[in-house]
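Try each task before you read its solution.

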Amino acid sequence: MRHIGTILLWALVSALVMLVITLPINLQTQLIASIAVVTFMAVIKVLRAEGIWRLIALAFGTAVVLRYVYWRTTSTLPPLNQLENFIPGFLLYLAEMYSVMMLALSLFVVAMPLPPRKSRLAEEGRLPSVDVFVPSYNEDIGLLANTLAAAKAMDYPADKLTVWLLDDGGTEQKRNAAAVIEAQTAEARHRELQTLCRDLGVNYLTRARNEHAKAGNMNNGMQHSTGELIAVFDADHAPARDFLRETVGYFADDPKLFLVQTPHFFLNPDPLERNLRTFETMPSENEMFYGIIQRGLDKWNAAFFCGSAAVLRRIALNEAGGFSGLSITEDCETALALHSRGWNSVYVDKPLIAGLQPATFASFIGQRSRWAQGMMQILRFRFPLFKRGLSLAQRLCYMSSMLFWLFPFPRTIFLFAPLFYLFFDLEIFTASGGEFLGYTLAYMLVNLMMQNYLYGSFRWPWISELYEYVQSVHLLPAVVSVMLNPTKPTFKVTAKDESIRESRLSEISRPFFVIFAVLFVAFLMSIYRFYSEPYKADVTFVVGGWNLLNLIIAGCALGVVSERSERAASRRVTVKRRCTFIIDGREYPSTLENVSANGARVQVFGLEPDLATGARCQLRFTPYGAHYEEALPVDVRNVENLGSVSAVGCRFMPEVARHHSLVADLIFANSNQWSDFQVSRRYNPGLFRGTLWFLGIALYQTSRGLLYFARSLGGARKGETTS
């Protein structure tokens, strides 16, 4: 009886919503209603009302969106007999409906995400055995040494922890390659890594052939290991000491739990953050996914495996035949397979690993292309909406995660749609300026407000648009390619630990300057048409404003593809830790100020001012969990006299495997420092201040990008003259 009552209630609410959406009203009433809703949502946001008030605000916003969809569908499409207008007009309509659909899925997933889970520390007497997999292909030996040392140093009983380096760069296939240089390189790598693993107490494992990429590599590891649980870390993802303590306990609570996933935290900025200089002041792009979306997915038992920083149950993987390898995103595909078999997942929103992300724009696009193509492969081969074994909520969650990667199509349409009117006088959107204000502008404003409600301090206004635009230019052909030939994409390892020694334009930057030039000409055309055709001034004003918004985003993107020089691949992480600075046998009390993967900055008390650059020294400190001090060799890179204190910049000079363990202890052991850094840059500037900030940064980055472009032309002419 209660079930029938619930159905009737929802039917009544749906009928009332449909009545409001389709109610015929004049334009003035529509304007008043839109202003009232926007004001109501703004008041709730200013008052920071949560819970039911948050849902009420989102419901009012949804009503405006649906009202827009109804009006857009019934009143704005060009006549079918005018194909030159109807075809681009209908494509624009489809792009808008895609955006509305993704907003609806986002509301379902993250309208009320789970709060961060409380720590679930494992019970000492019931600790399962754990195999740690570190799959590798071509990463730097030093990078691997830090990750392996950090994994080996995790706070867990030594008899229940086995660390495996799964080396796909030293396979028999590569060591016996026909190309002599490739074979010799693989052989040398094979020997070096065997020695490193032996010194660190880590198991080294390779295989005969490089089959099925990362998934095949980990499945080979499963055949040679026996742990109840499997922790997976990418080669550049080093865990904190408490990683296993914070994760394995959940498996004791639920025998059907197959996955505990934690967020990916990065020590270095992505190209957008580095070139716009926002890394320390604005939440990172991945924080929207790991800080909000994964918690929303977790609410519906749909948090999925992200390839690293996760623990999985072996019997669950065995039931599904191991890690899935049909697509090039084996992580999400594996989670989909296990969720459909009735297994559960948990998301722990605490950064417990620190890694590196692509530093150059080209590598960044290469990584995103792999993600986009892999998700399209899963959509094509596994189609979650009809996947047996999934709940309805899980189907919607997986569809949301995969359909997101179709964004290059609508983004491209939104970019070029104004040009049809400005250059060719095509009417692909039949509406007056007043109707645009009453419906479209209200929809856009409410959409922005709803995004601000959903993601708040995790995503600032207009930043998602910038990220999507800079990716769309190159992701569009990648997505089209996998749609036409879904088996074509192959797994490519993302370049990490890169450095940019001098400022330059990205090698894939040219399309962005071409698009900017076209949009700028369209901007001039809108001014010309505004004055030459005053009888169309309202439409020209609206379309010209739309093009101007595109121009602002495209101009900001010029700064993104203008690579700033930065020698270090990783930023320094702030720490406060006592140590002793030793030079020529003399000891000075010191404090570690910050550390990176390559070095540290130390405040040394009472140091003599004549310390020479390049001098060999030692840092002596007590590692976490140890009872005695150990010394790490360093050399001096720079010295700054601050009175009684000298700030010494040091470079780590590890000589034996234990030194890598000490470096890992300094950087990775304490996970709280990563949480503190994330919290320090999470705040919500609001729509108004956020928009002003974006306009300011876009203006500056446009000028910087054009300056880089002018320099590149000057360099090219100089090269031609010289040759």
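**Exercise 1.** Find the strands that helix H5 lies across, and give its angle to E2.

*Solution.* Start in this predicted model with helix H5, residues 141–152. It lies across strand E1 (130–136) and strand E2 (161–167). Its direction makes an angle of about 160 degrees with E2. Now turn to helix H7, residues 180–200, which lies across E1, E2 and E3. Relative to E3, helix H7 runs at about 160 degrees.

**Exercise 2.** Work out the strand order of the open sheet and name its edge strands.

*Solution.* Walk across the 7 strands and you get E3-E2-E1-E4-E8-E6-E9, with mixed pairing. From one strand to the next, the twist averages 20 degrees.

**Exercise 3.** Are helices H14 and H16 roughly parallel or roughly antiparallel, and which residues make their contact?

*Solution.* First, take the geometry: H14 (residues 330–339) and H16 (residues 392–403) pack at about 170 degrees, with axes 12 Å apart. Next, apply the cut-off: angles over 145 degrees count as roughly antiparallel. The two helices, H14 and H16, are therefore roughly antiparallel. Then list the contact: H14 supplies Cys332, Ala335, Leu336 and His339, while H16 supplies Gln394, Tyr398 and Met402. Finally, sort these residues by type: 5 are nonpolar, 2 are polar and none is charged.

Note on methods
Residues are numbered from 1 along each chain as its sequence is written. This is a predicted model: local features need pLDDT of at least 70, side-chain atom pairs count only at pLDDT 80 or more; totals for chains, interfaces and linings use all residues. Side-chain values use heavy atoms; hydrogens and water are left out. Two strands pair if DSSP finds at least two bridges between them. Helices (H or I, at least four residues) and strands (E, at least two) are DSSP runs, numbered from the N terminus. Axes are lines fitted to C-alpha atoms, for helices over the stretch in contact, and angles run from 0 to 180 degrees between N-to-C directions. Contact means heavy atoms within 4.5 Å. Angles under 35 degrees count as roughly parallel, over 145 as roughly antiparallel, 65 to 115 as roughly perpendicular and the rest as oblique. Ala, Val, Leu, Ile, Met, Phe, Trp, Tyr, Cys and Pro count as nonpolar, Asp, Glu, Lys and Arg as charged, and the others, Gly among them, as polar.
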